[in-house]
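Please have a look at the sequence and the structure before I go through two places in them.

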Amino acid sequence: MKYQSFVGLEIHIQLITETKVFCSCANNFGDEPNTNICPVCMGYPGALPSLNEEAVYKALKVCTALNCHINEKAIFDRKNYFYPDMPKNYQITQFESPFGVDGYFNLELDNGEIKKIRIHDVHLEEDAGKMIHDNYQSLLDYNRAGTPLLEIVTEPDLLDGREAELFVQQFRQMVRYLGVTDGNMEEGSLRCDANTSINLPGKGLGTKTEVKNLNSSKFVNKALSYEIKRHGKVLDRGGVIVQETRLWDEKTSSSRSMRTKEDSHDYRYFPEPDLPPYRTEPAVLKEIRDNMVEMPLARKRRYIDTLKLSLDQAVFVTAEKDTADWFESVLELGGDPVQAASWLSGDIRRVLNKEGGMLENSPFSPERIKSLFDLINGKKISNNIGKELLAVIYREDREPVDIVREKGLEQVSDSGAVEKVVDDVLIAHPAVVDAVRGGADKQIGFLMGQVMKATGGKVNPGMAREIIINKIKRSD
Amino acid sequence: MEKLSDRWGSVLKVDSLSKKYREYVVKTDEKIGSFLSFDPGLTINDSAGKGILAGIPFGVKDNIAVKDFDLTCGSKILEGFSSPYTATAVKKLQEAGAVVVGKTNMDEFGMGSSTNNSALGKTSNPWDLERVAGGSSGGSASAVSSGQVPFSLGSDTGGSVRQPASFCGIYGLKPTYGAISRYGLTAYASSLETIGICGESTSTTREVFNIIRGKDSLDNTTVDYSPSGKDDSVTIAVLKIGDGELNKEVLSSYRKSEGRLRDLGYKVVEVEIPTLKYVVPAYYVIATAEASANLARFNGIRYGYGEKGSETPSELVEMSRTKGFGDEVKLRILLGTYVLRSGFQDQYYHRAQKIRTAILNDFSKIFIDADALMMPVFPSAAFHHGSSDLTQLQQKSADLYTCSANLAGLPALAVPSSIENGLPVGVQFTAPVFEEERLFRISGKLEEIFPAQKPEVYSGGWKL
């Protein structure tokens, strides 16, 4: 493309807190409409906002993770506009002096390169209620009104739709690591608006347009790719980009104009007189820094470099913090990293998917899985039996040792007993024995299968194989 | 001096007294119109059975929330709206045993200096029914002045407790900003206003203040009450008055009080306040800007007047506000929206905030050498109903002595000074933040010379 493109994102995340950001109503998703409301979040006359410290703490965590400068005074402002889902017809947000400014995010590109994406600011604000249209009336649910939102605004450092998609994915992973939000785009706990412009190389930013209604990182990519292309077409034919807000329509895979700059509101921002400037305590910041979780990128690198996981394994294990924590618990108990990673991304994942369960708080505790590994590594049971056991452990929520003992699954490791079984199998299949003697090593597998069948799979495969080979060779 | 509880404590408890009390209020209110709603039994069970103020009736301005009473703010847009909760300051009084007997009339949303801007009732001055009781807390002041209640809560954004107190001849306190919780006070100008007290005496006003003050977790702008401890004044500054600034009667009363201060042994020093001439424009820019946002919530959707038959949300909001708000309210919302417009903020809003800092500096300079400052309350005594005496604009310009304390966040107390031609005139004292006790002591000393006078209507005849 002959133009250079620029993308900036405005991401909103719903913070996980006990109560709403300015009152003590519960901050829950999915409750009966208009049951989590009070005079404050309903904008009743005389009600006043009271700042939720938990929301501030989580905001500061995000600011710290994004390497922001924390403003000495965080000031709240009123953003004034009328809309039925706005109880006060102004939103309490931050404009002039937010919690964090001038930060950066390390974005891992497809080619493995790290690109620094500058963060313009991180600010705390309240969400509006929900308005649903139903035939001839509009219904309003104010449960969501007053819940805490954190808005993160990037500089236009992203190149295109793909970089934006990666950013949304990796940013989402980071804020889930921090435990501040679910980051679920389908449910709306992570929302993304994108700004893009193009220009001839070296000419700086162009006229930007904003795209809204992007419900997944995939659509972020699609919508921006479309928009950048559209800008290109306009400029190619000598036109001018109209600065406007556009809505992405997934059905038609296109964007359409929502409102132009001329129609846009004058929000008449002024400082919120009901909330004094917030002064963050240095001790709190220090505590946040000291207790900051390891970032997903760093953790993945460590697993590859130090623990020798493959890239795929490392990606899988570090995708969610809970999974990585679980993995490290197994290591702390003495488990082997590669074995743990391989089982986790393989059979354990398979069972969880089948049963529709999550790793956290599942019957697959780190202790149990380590115990399972011990049984396998100590040759008490075979690898295959171990895999079969997973389903039983999950469904019956029991210790592997108990199940093995109860069902008599212990491998037969007594060589005398194994020899006897092998003898019987060799006698029963003389033709195969001859074939093996003649060099058809693959037929050993058949004989192994017969031994397994005869022992209900409970024989140590390595030992069985060795005995079969020895016996056949010996009878030469 | 008789204790508050001795005089008022049994008024609601003893059946015969209670009946006489109600009859008195109802009868006097036919002419005076202090109350928009009067019902002593409505919330009597929300008051503790015992306490310092056990059984004592009080009025609450109708912009302060009391659960189960209407909260109209003197406006059609909230006519018939029943409050689902109670303001913190009222709760504290209820916990001390006091009983809310009614909600008092006011200028719509606190916007006015007469109470004639009320859309729901007319309040007249107990001293002369042809004249206003002042505003915006006119009903609160007239209720105390006419002996319907010993104290009432009002709100003071630019003088709305002190001016009616002065017009009605009683005491009116505007406390330090942040000393009393605003939770439950319908916001007009959030950074300027406080809940205030109209009281029949210094001691009653002081007693109520000490009960309702204090940090409140529901109001983040409250702070712990922290006086210096220097409660007795030695030097009192007195604002120099130029020719024509006050009318003849008010000037005469002002000089009387000045003389009394000297007689009482205070060192009296005349001072000037250079920024005083800028306070009214600064006040109206800031107050209307905040009001334009604070009143945006009234859109007929969740509560209050909602125009039936609207086809769209916009129509509902437009019609409800057009029909529900009075002209003065609309004027101030428009003005406030204007001064906040992008491109104009520097010229108006930011400049007004700078004037605010300047006025605080002027006061601080005065308080280096003086412990308190005396100023007039209003250039005239109570004016006639209608705008013939003073136009709406002139009424606004006259706010200069009172709104300065709101801009600076300082406490100020209106004190009865004299009766001139049958009308009360007051003076006001202001002091540094949290020095309310200083004000009460000055007031107490002056009270010994000239206590609050009772208008003819206040016969006290309903008491046994």
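How many bridges join β9(B) to strand β11 of chain B, and do the two run parallel or antiparallel? This is a predicted model, so please hear what follows with that in mind. There are 4 bridges between β9(B) and β11(B), whose residues are 423-430, and the two strands run antiparallel. Within that pairing, Met374(B) stands opposite Phe429(B) of β11(B).

β9(B) also pairs with strand β7 of chain B, residues 235-239, this time in the parallel sense and over 3 bridges, and there Ala372(B) is the bridge partner of Ile236(B).

Is β9(B), then, buried or exposed? With 5 of the 5 residues of this strand, 372-376, buried, it is largely enclosed by the rest of the structure.

Let me now turn to chain A. Arg299(A) lies in helix α5 of that chain, which spans residues 296-305, and its relative accessible area of 5% puts it under the 20% cut-off, so we call Arg299(A) buried.

Which polar partners does the side chain of Arg299(A) have there? The side chain of Asp325(A) makes a polar contact of 2.8 Å with that of Arg299(A), while the backbone oxygen of Ala324(A) lies 3.5 Å from a polar atom of the Arg299(A) side chain. Leaving aside residues up to four places away in sequence, Arg299(A) also touches several others, including Tyr177(A), Glu294(A), Thr318(A) and Glu328(A).

Key. Residues numbered from 1 in each chain as written. Chains lettered and ligands numbered in written order. Predicted model: local features only at pLDDT ≥ 70, side-chain atom pairs only at ≥ 80, totals over all residues. Heavy atoms only, no water. Buried < 20%, exposed > 50% of the residue type's maximum accessible area, 1.4 Å probe, protein only. Pairing = 2+ DSSP bridges. Polar contact = N/O pair within 3.5 Å; in protein donor to acceptor, adjacent residues only side chain to side chain. Contact = heavy atoms within 4.5 Å.
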